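Please look over the sequence and the structure below, and then read the report that follows them.

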Amino acid sequence: MAFYQTLKFAGGPILRTAYKPWIRGEENIPSEGPAILASNHNAVWDSVFLPLMIDREVVFMGKADYFTGTGFKGWATKEFMRAVGTIPVDRSGGRASEAALQAGVDRLKEGELFGIYPEGTRSPDGRLYRGKTGVARLTLISGAPVIPVAMIGTHDAQPIGQRIPSREDIGMVIGEPLDFSRYRGLDRDRYVLRAITDEIMYNIMLLSGQEYVDMYAADRKAQLAQEGNSNGPVPSNGRTGPGGRKAPDVSVPKRPEDSSDDPVD
């Protein structure tokens, strides 16, 4: 994608200068071959910071609403998403979601990187929410490993409703690849899909230090909408982890000390 490369070449230095984002574990992304980057999702700009900070090209799924906006803002958003190769996904499910999943499978079969947000939508409050099983189906059908990714600080930098992220401490932590090839052929078994998804979310939780909420982010947003809030207070639910496991006490990662003067670790 010529535009993607131009954007990365021109936009990368600007982002690094303005925000000084840091990255840890980039060596866990293979230099070649297919892989699924499964990330937490705290801000729209997650899909900008991560692709511009890694060497290989990665395409993310994005909600179909990004492609249907009206006016200049809607047009600009649509054109940007198309230019960087975002694959629209209809979150209502059915054939539209299957088509988006197949597009991801096709990209992986070509030996490329594919990014997905298992939560399905942005977190309304910075916590980590229950993952949807599309990521599990993707790895089982394609055979590609899953690389957990934790975006750090993007919720504080760009809470829902804010267009341009503030200059908060933004970072990325890339975990080690997860291999689920032992479950190959079980992509229609809902128990296997849930177990794989919970394992992926558990690893994201360990990397991010987020509190986990065992409900879908979309359901939480619906609750807040009924209450007339956009984010609302954050009730604590203890240290519950994906799959019913107890979450260990893991702190939110900080900028590496040796990267304070360098935007990349």
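Phe60 has Gly115 in β5 as its bridge partner, and β3 and β5 run parallel, joined by three bridges. The model is a predicted one, in which local features need pLDDT of at least 70 and side-chain atom pairs count only at pLDDT 80 or more, while totals for chains, interfaces and linings use all residues. Residues are numbered from 1 along each chain as its sequence is written, and side-chain values use heavy atoms, with hydrogens and water left out. Helices (H or I, at least four residues) and strands (E, at least two) are DSSP runs, numbered from the N terminus.

**The sheet**

Seven strands make up an open sheet of mixed pairing, in the order β1-β8-β7-β2-β5-β3-β4. The edge strands, each pairing on one side only, are β1 (22-24) and β4 (87-89), and from one strand to the next the twist averages 25°. Two strands count as paired if DSSP finds at least two bridges between them.

| Strands | Bridges | A bridge partner pair |
|---|---|---|
| β3 and β5 | three | Phe60 and Gly115 |
| β3 and β4 | three | Lys63 and Val89 |

In a regular strand the side chains alternate between the two faces of the sheet. Strand β5 (residues 113-116) is covered on both faces, since Leu113 and Gly115 on one side and Phe114 and Ile116 on the other are all buried, where buried means under 20% relative accessible area with a 1.4 Å probe, protein chains only.

**A buried arginine**

Arg56 lies in the loop between α2 (46-53) and β3 (58-63). Although Arg56 is buried, it has no salt bridge, and the nearest side chain of opposite charge, Glu112, is 4.3 Å away; a salt bridge would need a side-chain nitrogen of Lys or Arg within 4 Å of a carboxyl oxygen of Asp or Glu. Polar atoms of the Arg56 side chain do lie 2.9 Å from the backbone oxygen of Pro30 and 3.1 Å from the backbone oxygen of Gly111.

**Helix α7**

Helix α7 (residues 190-208) has 19 residues and reaches 26 Å from its first C-alpha to its last, close to the expected 27 Å, a span taken as 1.5 Å times one less than the number of residues. Because 14 of its 19 residues are buried, α7 is largely enclosed by the rest of the structure. Asp189 caps the N-terminal end of α7, with a side-chain oxygen 3.0 Å from the backbone nitrogen of Tyr191, and just after α7 Gly209 takes a positive phi of about 75°.

How values were computed. Buried means under 20% relative accessible area, exposed over 50%, partly exposed in between (1.4 Å probe, protein chains only). Lys and Arg count as positive and Asp and Glu as negative; His and the chain ends are not counted. A polar contact is a pair of N or O atoms within 3.5 Å; within protein, one must be able to donate a hydrogen and the other to accept it, and residues adjacent in sequence count only if both atoms are side-chain atoms. Axes are lines fitted to C-alpha atoms, for helices over the stretch in contact, and angles run from 0 to 180 degrees between N-to-C directions.
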